[in-house]
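Please look through the sequence and the structure shown here, and then work through the questions and answers that follow.

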Amino acid sequence: MEEVKVLIIGSGPAGYTAAIYASRANLQPVLYEGIEPGGQLTTTTEIENFPGYPEGVDGNRMMADLRRQAERFGAQIRTGAVTQADLSSRPFHVIVDGTHELRAESLIIATGASAKYLGLPSETKFRGQGVSACATCDGFFYRKKDVAVIGGGDTACEEATYLASLCRKVYMVVRKPQLRASKAMQERVFRTPNIEVLFEHNTAEVLGDDSGVTGLLLRRSDGSESRIDVAGMFLAIGHHPNTELFADQLELDREGYIKVQPGTSKTSVEGVFAAGDVKDPHYRQAITAAASGCIAALDCERFLLR
Ligand code: NDP
């Protein structure tokens, strides 16, 4: 059975950064990319807020660069998804793609989180062409245009107020007669003149043409339909962390995010570290994920030295 010192699961900015640091520390990390190589950033258009790229950088390009940087120092980046992990004793027993078995002295989990989508075929069709799950990433492309935010939680309110500073008008499409967000966030929304909240509306269909999204067909519970003209639709109906593999083995919070000791990447199991969105319900940025990948690699190095 193959034995590795550091096994990294996940290939977003957190996983790759952990691989860069671990390989430079001569720990010969092995990284499995998972089912979405490069992670969520490969589904966005351009990243304009990552320090060091004054002209912006394509999400795919940045992930390819991070990968090359890790490989340069000897990290082994492999295609494949971890399908089973037994964390009950060390070395940890891991199975990749249902067949390949490994024993890992330490584990860095960087499996990320996935934005929830409504599940409409028209939504899938226009993903990346007007349908986005990240206002901070993509909002800039909708300057002076009309857009819609779906959801009524804190994220939706935050995204709506952010978009309101760039866009001409922001509709919030909320399925209930009230917002779920905190009072302070609600007040911010209601104080912003170019946000209109459409309570008790559901999105029935995303409308569009070759240029991308052109509008939304909305439906109320009484069956009545209406249409809004928007160039972008931003989903803010929550994320789910990709922690199913570790559900009964690591301490998770109520939403399923991995709990870490404050200020570190240490999980409830010694030798298992978490980095990136899988442990971060709040910030969810490429730069914060990368930083936490660095922290995980340093914590892991110290653990192995002991
Ligand atoms: P939430 O789960 O709090 O809210 C999700 C929203 O999406 C709700 O309004 C929900 O409606 C709606 N929704 C869910 N599924 C659907 C669907 N299929 N169709 C239409 N609407 C749907 O998620 P958030 O991402 O907003 O927040 C996650 C956590 O992070 C929360 O604890 C939040 O407080 C926190 N957070 C804090 C921030 C801050 O403090 N600055 C900023 C952002 C997040 P319904 O109410 O009907 O269920």
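Q: Which polar side-chain atom lies 2.6 Å from an oxygen atom of the ligand, and to which residue does it belong?
A: This is a predicted model, in which local features need pLDDT of at least 70 and side-chain atom pairs count only at pLDDT 80 or more, while totals for chains, interfaces and linings use all residues. Residues are numbered from 1 along each chain as its sequence is written, and side-chain values use heavy atoms, with hydrogens and water left out. Taking a polar contact as a pair of N or O atoms within 3.5 Å, the polar side-chain atom at 2.6 Å from a ligand oxygen belongs to Arg-180.

Q: Which side chain has an N or O atom 2.7 Å from an oxygen atom of the ligand?
A: The ligand has 13 residues around it, counted when a heavy atom lies within 4 Å, and the nearest are Gly-152, Asp-154, Thr-155, Arg-175 and Arg-180. A nitrogen atom of the ligand is 3.0 Å from a polar side-chain atom of Glu-158. The side chain with an N or O atom at 2.7 Å from a ligand oxygen is that of Thr-155.

Q: What is the bridge partner of Gly-208 in β15?
A: Strands β14 and β15 (residues 212-219) run antiparallel and are joined by 7 bridges. Within β15, Gly-208 has as its bridge partner Val-213.

Q: Where does Pro-91 lie?
A: The peptide bond that leads from Arg-90 to Pro-91 is cis, with omega near -5°. Pro-91 itself is placed in the loop between β6 (82-86) and β7 (92-96).

Q: Where is the place of Glu-200?
A: Glu-200 is not a glycine, although its phi is positive, at about 55°. Its place is in the loop between β13 (195-198) and β14.

Notes. Two strands pair if DSSP finds at least two bridges between them. Helices (H or I, at least four residues) and strands (E, at least two) are DSSP runs, numbered from the N terminus. A polar contact is a pair of N or O atoms within 3.5 Å; within protein, one must be able to donate a hydrogen and the other to accept it, and residues adjacent in sequence count only if both atoms are side-chain atoms.
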